[in-house]
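Q: I am new to this structure and would like to learn how to read it. Where do we begin?

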Amino acid sequence: MPQYSLHINGKLRSVIAEPDTPLLWVLRDELNLTGTKYGCGVGVCGACTVHENSAAVRSCQIAISAAASKNYTTIEGLSSAGNHPCQQAWIEEDVAQCGFCQPGMIMEAAALLRQHESPSETEINQVMAQHVCRCGTYQRIRQAIHHAAGLSADKAAE
């Protein structure tokens, strides 16, 4: 099997895997980064969302051979202290019920806020419509994104 190198959460990591192995399985099984979840396996639910060079992508749809030499951030790497504005807002707005889909949603929200400091309801709905929450916490998710935008603005003003 070939060896691949990629940057995960700011660290260069090497793995040995079949070329078509999804990045999701490398993250979870080889690197023990289990915050990224397996949901549907076809890129529809969003549970496996990570950042590739700051853009939200579905790790179940990226073969390790295509991921090699790229930069990825998982939920574990979003903030070393767990205090990214999205993470804070998710807690303060009590978003999660079961919590399974939340890491992917937080990663998507963080990418959205990187593009739009204060996203509109339409922008939030367009991006988050690509995620499935079986508990139906969509209203709290929208509230948390607006809350995180305020936290980000406060942090930038400091």
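A: We begin with a term: contact means heavy atoms within 4.5 Å. The model here is predicted. In it, helix H5 lies across strand E3 (49-52), E4 and E5, and runs at about 35° to E3.

Q: What is the order of the strands in the open sheet?

A: Strands of a sheet pair through backbone hydrogen bonds, either parallel or antiparallel. Here 5 strands form an open sheet in the order E2-E1-E5-E3-E4, with mixed pairing. Strand E2 (11-16) and strand E4 (55-58) are at the edges with a single partner strand each, so one side of each has no neighbour in the sheet. On average, neighbouring strands of the sheet are turned by 45° against each other, direction ignored.

Q: In which sense do strand E1 and strand E5 pair?

A: Strand E1 (residues 3-8) pairs with strand E5 (residues 71-73) in the parallel sense, over 2 bridges. Ile-8 stands opposite Tyr-72 in E5.

Q: Which residues touch the most other members of the largest nonpolar core?

A: In soluble globular proteins, nonpolar side chains tend to be buried together. The largest nonpolar core here has 24 residues, and those touching the most other members are Cys-86, Trp-90, Met-105, Met-128, Ile-141 and Ile-145. Helices H3 (75-78), H4 (85-92), H5 (102-115), H6 (121-128) and H7 (138-157) each supply at least two residues of this core. H5 gives the largest share, 7 residues. Apart from this core lies another, of 16 residues, including Leu-6, Val-15, Val-26 and Val-50.

Q: What does Trp-90 touch, not counting residues up to four places away in sequence?

A: Among the residues Trp-90 touches on that count are Val-95, Gln-102, Met-105, Ile-106 and Ala-109.

Technical notes. Residues are numbered from 1 along each chain as its sequence is written. This is a predicted model: local features need pLDDT of at least 70, side-chain atom pairs count only at pLDDT 80 or more; totals for chains, interfaces and linings use all residues. Side-chain values use heavy atoms; hydrogens and water are left out. A nonpolar core is a set of buried Ala, Val, Leu, Ile, Met, Phe, Trp, Tyr and Cys residues joined through side-chain atoms within 4.5 Å. Buried means under 20% relative accessible area, exposed over 50%, partly exposed in between (1.4 Å probe, protein chains only). Helices (H or I, at least four residues) and strands (E, at least two) are DSSP runs, numbered from the N terminus. Two strands pair if DSSP finds at least two bridges between them. Axes are lines fitted to C-alpha atoms, for helices over the stretch in contact, and angles run from 0 to 180 degrees between N-to-C directions.
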